[in-house]
Amino acid sequence: MTEIIEGIELNQIYNEDCLDGMRRIPDNSVDLTVTSPPYDNLRMYQGFSFDFERVAAELYRITKDGGVVVWVVGDATIKGSETGTSFRQALHFTEIGFNLHDTMIYQKKNPTPLRGNRYQQSFEYMFVFSKGKPKTFNPIKTKKKYMENRKVKHYNRRADGTQISREYKSEDDMKVISNIWTYTVGLNNSTKDKDAFNHPAIFPEKLAEDHILSWSNEGDVVFDPFLGSGTTVKMALVNNRKFIGFDISEEYVDLSKHRLIRYAEDGFCYCGKELIWQNDFDEVCLYSCLDCEVDVFKGSKGGI
Ligand SMILES: C[S@@+](CC[C@H](N)C(=O)[O-])C[C@H]1O[C@@H](n2cnc3c(N)ncnc32)[C@H](O)[C@@H]1O
Ligand SMILES: [Zn+2]
């Protein structure tokens, strides 16, 4: 079933400038944005650029009270100096009303080696902005290491005066992880979807998923104004969130659609409509969603 919030269909991605698209999204309607804008025109993305201040203002307007925006950015080095654009953007977000809830680090375990007089560039910022206090926080936890879990020893004495010591472990074996998140990037690591690498600057699926699980609940609306290969919307779909996405490049929207449809419920498009059988080819059949103009090959006819 197609869901609509006022002027815009949910579970859909659109080939348009995000500023045009966001105009159709009502005030206070998005639970979580996870996005990575073009950085400092580091990669020119077929010549496209964006008006940062207007995008920030629109993000504030469409975010629900308690909603969160995760802004993943790094800085270019121009004439020997890092631009600092990331910091300027972060401060601007606070000037227009967002809280800077957390400055997190996305560390790459296997960064691209660079030559020159600097240490290996191995991280980007993940600024977590919230509109008021975050309404959802499902912290990711990890098992405590043995030493962290040990409690002070308790000593008792036997009747003969010798000592027995007992170690009591804490009830909770888990601890909340740190705000530095480390991922191995590249082919088969960032994603297993080979076609995603037709985009030059994807972030890892796990990064998007970790934020989606942390700052939203099932059924919430997740948004990405700069879709790229569609990582955020794919992970929203896989984790039962609703989604909206924009990219100005037709090629990347097409790529995202083909990526998304593979992960939709069997027999259905990611938009919620039933897929229509088109044709048989040997072992596989071609199904389409005419609304989304997207095709998918699946097992034998009737088998989806
Ligand atoms: C850093 S990439 C996003 C990558 C994405 N996070 C992923 O994992 O694939 C930024 C994207 O913004 C798009 N873009 C640039 N200007 C835009 C605009 N004004 N509106 C919408 N998309 C835009 C580019 O085409 C590019 O795909
Ligand atoms: Zn569809």
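Modeller: Happy to! Let's start at Tyr287, which stands opposite Val296 in strand β19. This is a predicted model, in which local features need pLDDT of at least 70 and side-chain atom pairs count only at pLDDT 80 or more, while totals for chains, interfaces and linings use all residues. Residues are numbered from 1 along each chain as its sequence is written, and chains are lettered from A and ligands numbered from 1 in the order in which they are written.

Tyr287 belongs to strand β18, residues 284-289. Strands here are DSSP runs of E with at least two residues, helices are runs of H or I with at least four, and both are numbered from the N terminus. Buried means 20 or more other C-beta atoms within 10 Å of the residue's own, exposed means 12 or fewer, and partly exposed lies in between, with C-beta atoms placed from the backbone.

β18 has antiparallel pairing with β19 (residues 294-298) over five bridges; two strands pair if DSSP finds at least two bridges between them. Four residues lie between the strands of this hairpin, and Glu293 has a positive phi near 50 degrees. Strand β17 (residues 276-281) also runs antiparallel to β18, again with five bridges. Here Ile276 stands opposite Ser288. The β17-β18 hairpin has two residues between its strands, and Asp282 in the turn takes a positive phi of about 35 degrees.

For context, let's turn to an open sheet elsewhere in the model. Its eight strands come in the order β3-β16-β15-β4-β5-β9-β8-β14, with mixed pairing. At the edges stand β3 (12-15) and β14 (180-183), each with a single partner strand, so one side of each has no neighbour in the sheet.

Within this sheet, β4 (residues 30-35) has six of its six residues buried. β4 runs parallel to β5 (residues 63-73) over five bridges, and Thr35 faces Trp71 there. β4 is also parallel to β15 (residues 221-224), with two bridges joining them. In β15, Phe223 is the bridge partner of Thr33, and Val222 is that of Leu32.
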